Amino acid sequence: MTFKFPKFIIIGSTKFHITYDIKRSDAEFRYPENRKKAYINFGTSELRVNPIGFLNLIIHELKEILDVELGNRVFCRSTGSYKFMYEHSGHDAMCSMLAGLLTQFIK
């Protein structure tokens, strides 16, 4: 599998700057806050030995951002974690959006 490595991606009205960290095997994102720009950081330490794992990182972060954009992700104070809730029509919309975003990462 061959990947593209875009420097930014626009989701909704937010431009996420993308960085790739050879020392990490995880990923994270942040929306803009104060004067800091929105970003997604993808770990690439296992890319050569586990390309499917890297694709999983991309899908995980993009899907979670789409969940935020669509209002599907909520924070549950009682458990201290995020919950994701949506109807099947929301799932269809998300898959369509995700497929478009993935084309920016896969050659």
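These questions and answers concern a predicted model.

Reader: Why is Phe3 called buried?
Author: Its relative accessibility is 7%. Buried means under 20%, so Phe3 counts as buried. Phe3 sits in the segment before strand 1.

Reader: What is Phe3 in contact with, leaving aside its neighbours within four places in sequence?
Author: Its partners are Leu47, Pro51, Phe54, Leu55, Ile58, Phe105 and Lys107. Take Phe54: 51 residues separate Phe3 from Phe54 in sequence, and the C-alpha to C-alpha distance is 9.6 Å.

Reader: Why is Phe84 called partly exposed?
Author: Phe84 has a relative accessible area of 40%. Buried is under 20% and exposed is over 50%. The value lies in between, so Phe84 is partly exposed. Phe84 belongs to strand 6, residues 81-84.

Reader: What makes the nonpolar surface patch of about 400 Å²?
Author: Phe75, Tyr82, Phe84 and Tyr86 make that patch. Patch residues need over 30% relative accessible area. Phe84, at 40%, passes that cut-off.

Reader: How do you know that strand 1 and strand 2 pair?
Author: Pairing takes at least two bridges. Strand 1 and strand 2 (residues 14-21) have four, in the antiparallel sense. Phe8 has His17 in strand 2 as its bridge partner.

Reader: Why do strand 1 and strand 3 stand at the edges?
Author: The open sheet has four strands in the order 1-2-4-3, with mixed pairing. Strand 1 (8-11) and strand 3 (27-30) each have a single partner strand, so one side of each lacks a neighbour in the sheet.

Reader: Where does helix 1 lie?
Author: Helix 1 (residues 51-69) lies across strand 1, strand 2, strand 3 and strand 4 (39-43). Helix 1 runs at about 160 degrees to strand 4.

Key: Residues are numbered from 1 along each chain as its sequence is written. This is a predicted model: local features need pLDDT of at least 70, side-chain atom pairs count only at pLDDT 80 or more; totals for chains, interfaces and linings use all residues. Side-chain values use heavy atoms; hydrogens and water are left out. Patches are made of residues with over 30% relative accessible area and no salt bridge: like charges are joined within 9 Å, nonpolar side chains (Val, Leu, Ile, Met, Phe, Trp, Tyr) within 5 Å. Accessible areas come from the Shrake-Rupley method with a 1.4 Å probe; for residues, only the protein chains shown count as cover. A salt bridge is a side-chain nitrogen of Lys or Arg within 4 Å of a carboxyl oxygen of Asp or Glu. Helices (H or I, at least four residues) and strands (E, at least two) are DSSP runs, numbered from the N terminus. Buried means under 20% relative accessible area, exposed over 50%, partly exposed in between (1.4 Å probe, protein chains only). Contact means heavy atoms within 4.5 Å. Axes are lines fitted to C-alpha atoms, for helices over the stretch in contact, and angles run from 0 to 180 degrees between N-to-C directions.
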